[in-house]
Amino acid sequence: MTTLMQRGFDWSSYEKTAPGVIAALSQLGKAIDESGLEKSLTELIKLRASQMNGCAFCLQFHLNLARKIQLPQHKIDLLAAWRDTEIYSARERAALAWTEALTLMSQQHIATAAYAELEASFSPAEIAFLTAAIGAINAWNRIAGALQFAPPFPASSAAH
């Protein structure tokens, strides 16, 4: 069994060392939050990208937020297998497919069909912000995952 060995930074020390990075990514997040996209949708895509990228910090952070906004538990539980269930709306399915396509774009070409599916459920402005949200979570995953920030467990489960 391997243990997570924290590298040179934790969240707090990274925030002190690179405040401009935190500020820039936070500003991007604020613009996305103000775009009109549903918070439940943006949390789903952040969770899915974080699962795919194996970022424990971001996955726990967004699980905490998803629970706070009362995202249905069954949607959280089945997210890794979203294609195999009908509980996600057409809009959520298009966003999740787009999330996977962008997260894996260095490994495979983004299919035209993925964009066409997106256009059926989202306006051009929503596509722009959804794409930015996916880019932002992938950036956070690469920072927090690479530096192995400890997951931010809720206070009630920190001792478990």
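Let me start at glutamine 148, which lies in the segment after α8; helices here are DSSP runs of H or I with at least four residues, numbered from the N terminus. Glutamine 148 has a phi near 55°, a positive value in a residue other than glycine. With a relative accessibility of 17%, glutamine 148 counts as buried. Buried means under 20% relative accessible area, exposed means over 50%, and partly exposed is in between, with a 1.4 Å probe and protein chains only.

A word on the source. This is a predicted model, in which local features need pLDDT of at least 70 and side-chain atom pairs count only at pLDDT 80 or more, while totals for chains, interfaces and linings use all residues. Residues are numbered from 1 along each chain as its sequence is written, and side-chain values use heavy atoms, with hydrogens and water left out.

There is another positive phi to mention. Glutamine 70, not a glycine, has a phi of about 60°. Glutamine 70 sits in the loop between α4 and α5. Is glutamine 70 buried or exposed? Its relative accessible area is 67%, so glutamine 70 is exposed.

Next, the aromatic rings. A pair of rings is described by the distance of the centres and the angle of the planes. Rings of Phe, Tyr and Trp (for Trp, the six-membered ring) pair if their centres lie within 6.5 Å; planes under 30 degrees apart count as stacked, over 60 as edge-to-face, and the rest as tilted. By this rule there are 8 aromatic pairs. In one of them, tyrosine 14 and phenylalanine 149 have ring centres 5.7 Å apart and planes at 55°, so the pair is tilted. This pair links distant parts of the chain, since tyrosine 14 is in helix α1 (residues 11–17) and phenylalanine 149 is in the segment after α8, 135 residues apart. Tyrosine 14 is buried at 11% relative accessibility, and phenylalanine 149 is buried at 2% relative accessible area.

Phenylalanine 149 also pairs with phenylalanine 57: the ring centres are 5.5 Å apart and the planes at 85°, so this pair is edge-to-face. Phenylalanine 57 lies in helix α4 and phenylalanine 149 in the segment after α8, so the pair ties together parts 92 residues apart in sequence. Both phenylalanine 57 and phenylalanine 149 are buried. Ring pairs link Phe9, Trp11, Tyr14, Phe57, Phe61, Trp140 and Phe149 into a cluster.

A pocket is found on a 1 Å grid over the protein atoms alone: it is an open set of points with protein on both sides within 12 Å along at least five of seven lines, and lining residues have an atom within 4 Å of a point. The largest pocket holds about 390 Å³ of space, where a volume is the space filled by probe spheres set on the grid points, joined across faces, edges and corners. Its lining has 20 residues, and Leu25, Lys46, Phe61, His62 and Trp140 lie nearest its centre. Which helix gives the most to the lining of the largest pocket? That is α2, with 7 residues. Helices α2, α3, α4 and α8 each supply at least two residues.

Now helix α3, residues 39–53. Its 15 residues should span 21 Å at 1.5 Å a residue, and its end C-alpha atoms are 21 Å apart, which agrees; the expected span is 1.5 Å times one less than the number of residues. Buried residues in α3 include Leu41, Leu44, Ile45 and Lys46. The elements covering the buried residues of α3 include α2 (19–33), α4 (56–68), α5 (73–77), α6 (90–103) and α8 (124–146). Just after α3, glycine 54 takes a positive phi of about 65°.

As for α6, 13 of its 14 residues are buried, so α6 is largely enclosed by the rest of the structure.

Leucine 130 is buried, with a relative accessible area of 0%. Leaving aside neighbours within four places in sequence, leucine 130 is in contact with Leu37, Ile45, Ala95, Trp98, Leu118 and Phe122, where contact means heavy atoms within 4.5 Å. Leucine 130 and leucine 37 are 93 residues apart in sequence and 7.7 Å apart in space, C-alpha to C-alpha.

How values were computed
On a 1 Å grid over the protein atoms alone, a cavity is a set of points where a 1.4 Å probe fits but cannot get out, and a pocket is an open set with protein on both sides within 12 Å along at least five of seven lines; lining residues have an atom within 4 Å of a point.
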